[in-house]
Amino acid sequence: MIITSLLDTDLYKLTMMQAVFHQFSDARVEYRFSCRTPAIDFTPAVPDITPEIDHLCTLGFSSSELDYLGSLPYMKNDFLDYLKSFRLPRTALNLKVRNGELDLSITGSWLDTILFEVPVLAVINECYFKTLYPDPDWDTGRRKLQAKIEQIRQTDAANLGLSVVDFGTRRRFSKSWQEEVLSTLKQSIPARFTGTSNVDLARRLGLRPVGTMAHEWLMAAQVLAPVLRSSQAFALDRWVDEYRGDLGIALSDTVGFTAFLNDFDMYFAKLYDGCRHDSGDPFSWGDRLIAHYRRLGIDPCCKRAVFSDGLTVERIIDLARYFKGRIGTAYGIGTNLTNDVSGTAIQIVIKMTRCQGLPVAKLSDSPGKQMCTDKAYLDHLSNVFKGDHS
């Protein structure tokens with residue numbers, strides 16, 4: 001089977017799950033699947049996808065896995081006790097195929113369902129590519145990976161402070177390929193390859209697990225906060241309550257970067273270690289973040305800008321050169337690292353669409369990343385943050 005451990009997921013799912021456990025254990029949510037790549041026929045993959053999901057829902061956390069989580073300073077004993085009996089509820093996930101398109105929804109308690117997203121996407125992606133490429137060209141994949149490594153080696157990476165982490169679990173070509181990629185990077189460029197979002201691979205390969213929050217944390221706050229306009233500040237504040245200074249990278253684009261900066265006042269700018277970029281032009285975003293810190297009297301060199309939107313090695317090097325000496329940087333590279341073997345990667349996502357029965361949405365700074373079918377709510381959200389969203 002593809003997924004053999006519930007740790008085969010991104011760290012931010014577990015960190016958000018812990019915060020949900022402590023603060024929003026009664027919240028109910030809905031997630032939906034979307035493929036942003038046009039004309040993809042998933043029909044041949046469905047017979048493989050269904051038993052993989054069935055198997056996923058039989059998995060629990062082993063004692064050694066819980067011991068590993070317990071070694072992370074921000075994971076708490078009461079949450080680890082809860083995980084001892086945790087299973088993903090199979091009845092919460094509904095999967096159909098219509099004209100080649102996957103109709104997949106997940107509905108239930110936020111606490112019960114939050115861990116579905118990453119392994120389900122990894123399963124769909126691997127099963128889809130297995131039907132297209134039953135005999136992958138691994139040699140070509142390895143040559144491409146070595147070319148990326150050489151690009152980093154030939155760059156003055158140390159002088160640029162280049163720090164690269166793997167964010168590629170959700171859209172990896174396969175589980176075995178992701179492990180090979182990470183093992184190769186660790187051996188080849190250990191000073192520049194500094195971690196992975198995949199908790200299982202971090203544990204088994206001796207890498208640093210990396211991640212804080214995802215969009216769903218701020219999206220759910222649109223319903224859970226007392227007032228919609230204060231929902232972003234509410235989400236950031238609740239995160240601080242949970243982690244007390246740990247995991248201090250804030251996601252900046254849920255309702256647009258301008259709205260984020262309006263909420264990211266002196267209090268948050270000092271509390272958080274930095275911000276993550278996930279949509280819009282990264283150079284402009286970084287310039288604006290630096291200017292924001294300076295307006296607040298904060299030295300940007302003491303903070304960190306984490307870039308994670310569709311990165312390639314070339315883009316990482318360009319960004320590192322541009323921001324050298326201006327702000328600390330880190331780079332989370334995903335699909336281009338773990339799905340650069342055969343063919344073209346597909347853009348698949350599972351996003352929260354409702355919380356407590358009400359719609360939630362992301363006002364992305366990039367076209368095509370928005371995922372909400374409730375136009376009335378999108379209009380309302382845009383109006384509430386009118387003048388803030390850009």
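**Rings, a helix face and a cavity**

Student: Is Phe323 buried or exposed?

Tutor: We're working from a predicted model here. Buried means under 20% relative accessible area. Phe323 comes in at 0% relative accessibility, so Phe323 counts as buried.

Student: What kind of aromatic pair do Tyr267 and Phe268 form?

Tutor: A search of the whole structure turns up 30 aromatic pairs. For Tyr267 and Phe268, the rings sit 5.1 Å centre to centre, with 65 degrees between the planes. Planes over 60 degrees apart count as edge-to-face, so the Tyr267 and Phe268 pair is edge-to-face.

Student: And which of those two residues is buried?

Tutor: Tyr267 has a relative accessible area of 45%, so Tyr267 is partly exposed. A relative accessible area of 4% belongs to the buried residue, Phe268.

Student: What kind of pair do the rings of Phe307 and Phe323 make?

Tutor: Their centres are 5.5 Å apart and their planes are at 25 degrees. Planes under 30 degrees apart count as stacked, so the pair of Phe307 and Phe323 is stacked.

Student: How many residues apart are Phe307 and Phe323 in the chain?

Tutor: Phe307 is in strand E8 (residues 304–307), while Phe323 is in helix H16 (residues 313–323). The pair links distant parts of the chain, and the separation is 16 residues.

Student: What is the relative accessible area of Phe307?

Tutor: Under 20% counts as buried. Phe307 is buried, and its relative accessible area is 0%.

Student: Which residue lies over the face of Tyr243?

Tutor: For another ring, Tyr322, Arg326 lies over the face at 5.1 Å from the ring centre. Over the face of Tyr243, at 5.8 Å from the ring centre, lies Lys76.

Student: Which helix gives the largest share of the lining of the largest cavity?

Tutor: There are six cavities of 30 Å³ or more, and the largest cavity holds about 70 Å³ of space. Its lining includes Lys148, Ile149 and Ile152, along with others such as Phe193 and Leu337. The largest share, three residues, comes from helix H7 (residues 138–154).

Technical notes:
Residues numbered from 1 in each chain as written. Predicted model: local features only at pLDDT ≥ 70, side-chain atom pairs only at ≥ 80, totals over all residues. Heavy atoms only, no water. Phe/Tyr/Trp six-rings, centres within 6.5 Å; stacked < 30°, edge-to-face > 60°. Buried < 20%, exposed > 50% of the residue type's maximum accessible area, 1.4 Å probe, protein only. Helix = DSSP H or I, 4+ residues; strand = E, 2+ residues; numbered from the N terminus. Lys NZ or Arg CZ within 6 Å of the ring centre and 35° of its normal. 1 Å grid on protein atoms, 1.4 Å probe; cavity = no way out; pocket = protein on both sides within 12 Å on 5 of 7 lines; lining within 4 Å. Points joined across faces, edges and corners; volume = space filled by probe spheres on them.
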